[in-house]
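Subject: Structure handover

Dear colleague,

Here is the structure you are taking over.

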Amino acid sequence: MTSKAREKYDVVIVGASIAGCAAAIMYAQQGLRIALLDARSDIRAHKVLCTHHLQPCGAPILQRLGATEKLLALGMVETVPTFWTPWGMITPDAAENSPPPGFNVRRETLDPLLRQLANDYPNVDLLLGHRVSGLLTENGTTAGVYGTEQGSVFTVEARLTVGADGKDSTVARSARCDSVTASNGRFSYFAQLSGLERPGGETSLSWFMDPDVAYLLPNDGGISVLVVFPALDKLGSFADDLSTAFLEYANALPGAPLVRREHIVGKIVGTKHFSTTLTEPVGNGFALIGDAAATNDPLWGIGCSWALETAQMLVDATAHMLTETPADTLDSHRNVNAALTEYRSARASMTNHIDYMSGYAGGRKFTAIERLLISAATHDHDEARRFYLFGSRLIPAEQYLSTRSVARAAQKHLRHRLRRRSVAGT
Ligand SMILES: Cc1cc2nc3c(=O)[nH]c(=O)nc-3n(C[C@H](O)[C@H](O)[C@H](O)COP(=O)(O)OP(=O)(O)OC[C@H]3O[C@@H](n4cnc5c(N)ncnc54)[C@H](O)[C@@H]3O)c2cc1C
């Protein structure tokens with residue numbers, strides 16, 4: 001094998017998908033020199049296992065990347081979903097104070113655009129076909145990465161190494177980061193549908209069937225994505241005959257449009273036993289962002305926006321230090337680690353949501369408190385808005401599930417029931 005060493009960069013980022021491209025663009029906007037590596041060699045490559053919903057918390061970051069207008073021009077759909085629940089419909093968009101929308105855009109549209117935007121910066125070297133296999137170290141500090149490219153060994157040195165290499169991250173494994181894993185009590189299958197009549201127009205439809213969940217997401221290119229998350233005890237019928245089970249399940253969803261075999265474009269794909277993982281996101285000279293730092297249950301459609309958010313948190317915590325401190329000084333190493341501690345604290349703001357999601361991923365039914373909050377959201381606009389803001393991760397879990405919030409919902413729900421009883425009695 002031959003060996004190729006490159007110049008030293010400010011930051012080397014492993015993984016040129018959502019988190020990696022977002023971080024590369026934001027660092028590049030501040031004038032830093034970036035190496036952005038991906039094992040895949042096609043600039044148009046995209047992640048297949050994804051149902052393409054971007055929660056609204058990612059919207060300001062898409063804007064910062066200069067991607068929003070371009071994606072809207074490519075057909076990205078703005079949407080506030082409605083929710084079917086056993087206790088009634090929740091329509092957050094009907095609230096007077098309408099909440100911020102999320103977006104639906106297929107990864108075959110999103111991923112190549114972000115990669116191209118990153119590649120357009122002269123201070124970003126996009127190195128495709130570079131598979132990283134380990135970390136370089138110097139005096140106990142991470143000093144870059146090594147790997148293989150077309151049979152040759154390469155090394156890339158940098159002041160800061162970023163793992164944006166997704167679930168089962170090589171960077172996290174090489175650095176022996178601590179992690180906590182939880183199992184998933186639901187499986188998922190989804191398909192892209194063409195020519196489907198959309199009863200809600202461009203509104204996404206969600207079914208919270210307790211414990212099963214499903215979504216119908218109108219996307220760019222006239223495609224709708226239908227995804228189902230049944231509890232594991234239903235896996236047998238899907239294993240026997242996937243397309244028949246998928247269609248039967250889809251057509252039993254209350255109020256869903258009729259889905260026929262001929263609507264399905266390509267394959268029905270999904271996940272079984274998809275475990276969630278929370279990983280220590282920083283170490284000596286390196287950080288993890290996106291799925292590498294936390295792989296959450298896909299049921300909540302949060303991974304893409306959190307890939308954007310963690311990229312932003314990292315850049316905001318470290319870029320200033322990297323531009324101000326000269327490289328290769330003792331101060332530089334110390335300052336990198338101090339800035340990484342700041343990133344770690346910012347990321348900790350997500351922990352309660354992560355704990356909540358990994359608990360729910362077990363496949364349980366809603367608790368009495370959750371049923372109360374959902375019931376209140378079916379008849380009260382403010383509660384509907386709060387339910388949506390919680391699901392979109394725009395308000396902290398501890399706020400939505402606080403005693404105060406539950407007491408307010410209980411009061412409203414009780415008043416609603418008394419009103420209904422008195423109307424029924426007249
Ligand atoms: C079934 C399913 C449905 C989902 N639906 C949604 C949804 O609707 N909305 C949502 O927000 N999230 C969804 N997610 C989650 C979402 O797909 C991820 O959270 C998101 O892709 C994370 O982005 P990332 O950039 O961190 O990692 P990834 O998108 O996984 O990218 C990692 C990149 O690193 C590269 N890489 C990996 N290893 C190496 C290596 N050793 N060397 C070099 N490069 C490497 C890969 O080639 C890849 O380009 C879903 C997930 C699943 C499984």
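A cavity here is a set of points, on a 1 Å grid over the protein atoms alone, where a 1.4 Å probe fits but cannot get out; its lining residues have an atom within 4 Å of a point. Grid points are joined across faces, edges and corners, and a volume is the space filled by probe spheres set on the points.

This is a predicted model, in which local features need pLDDT of at least 70 and side-chain atom pairs count only at pLDDT 80 or more, while totals for chains, interfaces and linings use all residues. Residues are numbered from 1 along each chain as its sequence is written, and side-chain values use heavy atoms, with hydrogens and water left out.

Cavities

There are six cavities of 30 Å³ or more in the structure. (Helices are DSSP runs of H or I with at least four residues, strands are runs of E with at least two, and both are numbered from the N terminus.) The lining of the largest cavity has twelve nonpolar residues, seven polar and no charged. In this count Ala, Val, Leu, Ile, Met, Phe, Trp, Tyr, Cys and Pro are nonpolar, Asp, Glu, Lys and Arg are charged, and the others, Gly among them, are polar.

The second largest cavity has a volume of about 90 Å³. Residues that line it include Phe-208, Trp-300, Tyr-356, Glu-370 and Tyr-400. Helix 11 (368-379) and helix 12 each supply at least two residues of this lining, and the largest share, three residues, comes from helix 11. Ten residues of this lining are nonpolar, none is polar and one is charged.

Phe-246

Phe-246 lies in helix 7 (residues 242-251). It counts as buried because its relative accessibility is 0%, the limit being under 20% relative accessible area with a 1.4 Å probe and protein chains only. Leaving aside neighbours within four places in sequence, Phe-246 is in contact (heavy atoms within 4.5 Å) with residues including Tyr-189, Leu-226 and Ile-268.

Ligand

The ligand is surrounded by 33 residues (each with a heavy atom within 4 Å of it), and Ser-17, Asp-38, Thr-51, His-53 and Asp-291 are the closest. An N or O atom in the side chain of Asp-291 is 2.7 Å from an oxygen atom of the ligand. A polar backbone atom of Cys-304 is also 2.7 Å from an oxygen atom of the ligand.

Regards

Terms used
On a 1 Å grid over the protein atoms alone, a cavity is a set of points where a 1.4 Å probe fits but cannot get out, and a pocket is an open set with protein on both sides within 12 Å along at least five of seven lines; lining residues have an atom within 4 Å of a point. Buried means under 20% relative accessible area, exposed over 50%, partly exposed in between (1.4 Å probe, protein chains only). A polar contact is a pair of N or O atoms within 3.5 Å; within protein, one must be able to donate a hydrogen and the other to accept it, and residues adjacent in sequence count only if both atoms are side-chain atoms.
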